[in-house]
Amino acid sequence: MSDAIIRSAIEGRLKTWAQAQTPAIPIAFANSGYRPVTGQRYLSGTLVPAITLNPSQGGKHKRYHGFYQVDVRVPDGGGTGDISTIAKAIEVLFECPTTIPKDGLNVHINRTPSTGPGASDGAGFYMVPVTVWYDLDDFS
């Protein structure tokens with residue numbers, strides 16, 4: 001259940017930001033059916049949960065952690081200026097510390113997001129990954 005809350009919290013924040021850009025940046029969320037448009041920038045997102053921890057032995061405390069990877073994709077051949085600007089904006093959107101409340105729980109971003117190296121994806125896009133690390137403590 002908490003993975004769904006984490007996904008919804010992070011994706012909701014990302015979607016609000018992406019829709020406010022001029023022009024809006026489409027997002028290919030997991031299993032959403034989005035089809036990239038040739039020549040149009042877009043984002044894709046993947047939740048990568050790690051093992052659930054039990055920091056309070058004998059209690060109901062569960063700690064969910066992992067990362068959400070946002071892949072920034074721009075058309076090949078346009079240089080790195082646009083993709084660098086978008087990646088930096090996503091780093092700021094999820095800067096450390098950020099707390100995203102959702103359904104009575106709090107998703108904590110308590111590490112600075114990391115931007116990885118870029119590469120052509122072979123399908124007409126240049127991609128840079130931005131990794132957003134999260135934690136959520138559930139006492140229910």
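Predicted model: local features only at pLDDT ≥ 70, side-chain atom pairs only at ≥ 80, totals over all residues.
Is I25 buried or exposed? I25 counts as buried, at 5% relative accessibility.

- I25 and Y42 are separated by 17 residues in sequence, yet their C-alpha atoms are 5.5 Å apart in space.
- When residues up to four places away in sequence are not counted, I25 touches W17, A18, R41, Y42, L43 and I86.
- Two of these partners, W17 and L43, are also among the members of the largest nonpolar core that touch the most other members.

**The largest nonpolar core**

- The largest nonpolar core contains 32 residues, and within it L14, W17, L43, I90, F94 and V107 touch the most other members.
- Two or more residues of this core come from each of α1, β2 (42-49), β3, α2, β5 (105-109) and β8.
- Helix α1 gives the most to this core, contributing 7 residues.
- W17 touches I25, L43, I86, A89, I90 and L93, again leaving aside residues up to four places away in sequence.

**Salt bridges**

- Side chains of opposite charge can pair when their charged atoms come close.
- The model has 6 salt bridges.
- Within helix α1 (residues 2-19), E11 and R7 lie 4 residues apart, about one turn of the helix.
- E11 and R7 form a salt bridge in which the closest N and O atoms are 3.9 Å apart.
- In this pair, E11 is buried at 12% relative accessibility, whereas R7 is partly exposed with a relative accessible area of 30%.
- R63 pairs with D137 in a salt bridge whose closest N and O atoms are 2.6 Å apart.
- Because R63 belongs to strand β3 (residues 62-75) and D137 to strand β8 (residues 125-138), this pair ties together parts that are 74 residues apart in sequence.
- Both partners are partly exposed: R63 has a relative accessible area of 26%, and D137 has one of 23%.
- E91 and K88 meet through their side chains in a salt bridge, at 3.6 Å from N to O.
- Helix α2 (residues 81-93) contains both E91 and K88; they are 3 residues apart and so are separated by about one helical turn.
- E91 is buried, with a relative accessible area of 17%, while K88 is partly exposed, with 48%.

- Most residues other than glycine have a negative phi, and most peptide bonds are trans.
- P97 has its place in the loop between α2 and β4, the latter covering residues 98-102.
- N31 is not a glycine, but its phi is positive, at about 55°.
- The loop between β1 and β2 holds N31, and this residue counts as exposed at 83% relative accessibility.
- D103, which is not a glycine either, has a positive phi of about 50°.
- D103 is situated in the loop between β4 and β5 and is exposed, with a relative accessible area of 62%.

Terms used. Residues numbered from 1 in each chain as written. Heavy atoms only, no water. Salt bridge = Lys/Arg side-chain N within 4 Å of Asp/Glu carboxyl O. Buried < 20%, exposed > 50% of the residue type's maximum accessible area, 1.4 Å probe, protein only. Contact = heavy atoms within 4.5 Å. Core = buried A, V, L, I, M, F, W, Y, C linked by side-chain atoms within 4.5 Å.
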